[in-house]
Amino acid sequence: MPPISAFIFDLDGVITDTAEYHYLAWQRLADEEGLPFSREDNEHLRGVSRRDSLLRLLKGRTLPEDTFEAWMKRKNDYYLGHLEQLTPADRLPGVTRFLEEAAAAGLKLGIGSASKNAHQVIARLGLAATFAVIGDGYAVAHSKPAPDLFIWVAGGLQVPVEEAVVFEDAAAGVDAARAAGCRTVGLGRAGIDHADLVLPDLATIPVAAVLAHFAARTTTHG
Ligand code: B16
Ligand code: MG
């Protein structure tokens, strides 16, 4: 297998934890509309697009399309209100060091997020200059777990998919990255055990250790 030349990062749950803001926004909409919703339900929305998230909240109930879109907009307005609090201090532990090491190692860096707000989140985190390519919720028609987004980001970075490592916190994201043909690092929670490498977070792992892991696999399996 070829060496690694790019890292592609999911955003929510990997670079920062906007899941709490998504939760608060969905909870407010759910309360207003009498939909049952809990923190546990929110965990299942990680990496899931806004439209698919609302479909899950509705649990099979159908709405006219204009109402559906109005509810998505209302949730997003609540979410954008919370984003105003986001600062570079909200980068997850180890993220700043890990990105600096990756850049110093000559790796190309990209984002692959289901969020239509990804550019704004990255700007608020002070990372706009860090990523050469940002794939967001507008980049492709089929969101995670379809492979399209990570193929799109790797294409933008001009690297073959098999030379890219995707860092993901959600099952849908690991599924998408694997389907794309990328190598995968699963971070944190349950549901990412099918990643090539599973870590609690980026807080202590050196970039060199990630590269060594995939280099060893290349030697063993290649
Ligand atoms: P938006 P990621 C995902 O981000 C979130 O995990 C998920 O909860 C959210 O519904 C989705 O983005 C869409 O976000 O409403 O801002 O377009 O993990 O793919 O970076
Ligand atoms: Mg995520």
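## Second largest pocket

A pocket is taken here as an open set of grid points, computed over the protein atoms alone, with protein on both sides within 12 Å along at least five of seven lines, and its lining residues have an atom within 4 Å of a point. In this predicted model, the second largest pocket is lined by Glu43, His44, Arg46, Val48 and Arg56, together with Asp169, Ala170, Ala171, Ala172, Arg189, Ala190 and Gly191. The space within the second largest pocket comes to about 230 Å³.

Sorted by class, the lining of the second largest pocket comprises 5 nonpolar, 2 polar and 5 charged residues. Domain 1 (6-17 + 91-221) and domain 2 (19-83) each contribute at least three residues to the lining of the second largest pocket.

## Largest pocket

The largest pocket holds about 620 Å³ of space. Its lining is made up of 35 residues, of which Val48, Ser49, Arg50, Ala114 and Ser115 are the closest to the centre of the pocket. By class, this lining divides into 12 nonpolar, 13 polar and 10 charged residues.

For the largest pocket, too, at least three lining residues come from each of domain 1 (6-17 + 91-221) and domain 2 (19-83). At the level of secondary structure, at least two lining residues of the largest pocket are supplied by each of helix H1 (19-33), helix H3 (50-58) and helix H4 (65-83).

## Surroundings of ligand 1

Ligand 1 is surrounded by 19 residues, and the closest of these are Asp12, Val48, Ser115, Lys116 and Asn117. Val48 also belongs to the lining of the second largest pocket, and Val48 and Ser115 are among the residues closest to the centre of the largest pocket.

## Backbone geometry

Most residues other than glycine have a negative phi, and most peptide bonds are trans. The peptide bond from Lys144 to Pro145, however, is cis, with omega near 15°; Pro145 is placed in the loop between strand S3 (133-135) and helix H7 (148-157).

Lys59, although not a glycine, has a positive phi of about 45°, and Lys59 is found in the loop between H3 and H4.

Notes:
Residues numbered from 1 in each chain as written. Chains lettered and ligands numbered in written order. Predicted model: local features only at pLDDT ≥ 70, side-chain atom pairs only at ≥ 80, totals over all residues. Heavy atoms only, no water. 1 Å grid on protein atoms, 1.4 Å probe; cavity = no way out; pocket = protein on both sides within 12 Å on 5 of 7 lines; lining within 4 Å. Points joined across faces, edges and corners; volume = space filled by probe spheres on them. Helix = DSSP H or I, 4+ residues; strand = E, 2+ residues; numbered from the N terminus. Nonpolar A, V, L, I, M, F, W, Y, C, P; charged D, E, K, R; others polar. Domains from an automatic or database assignment. Near = heavy atom within 4 Å.
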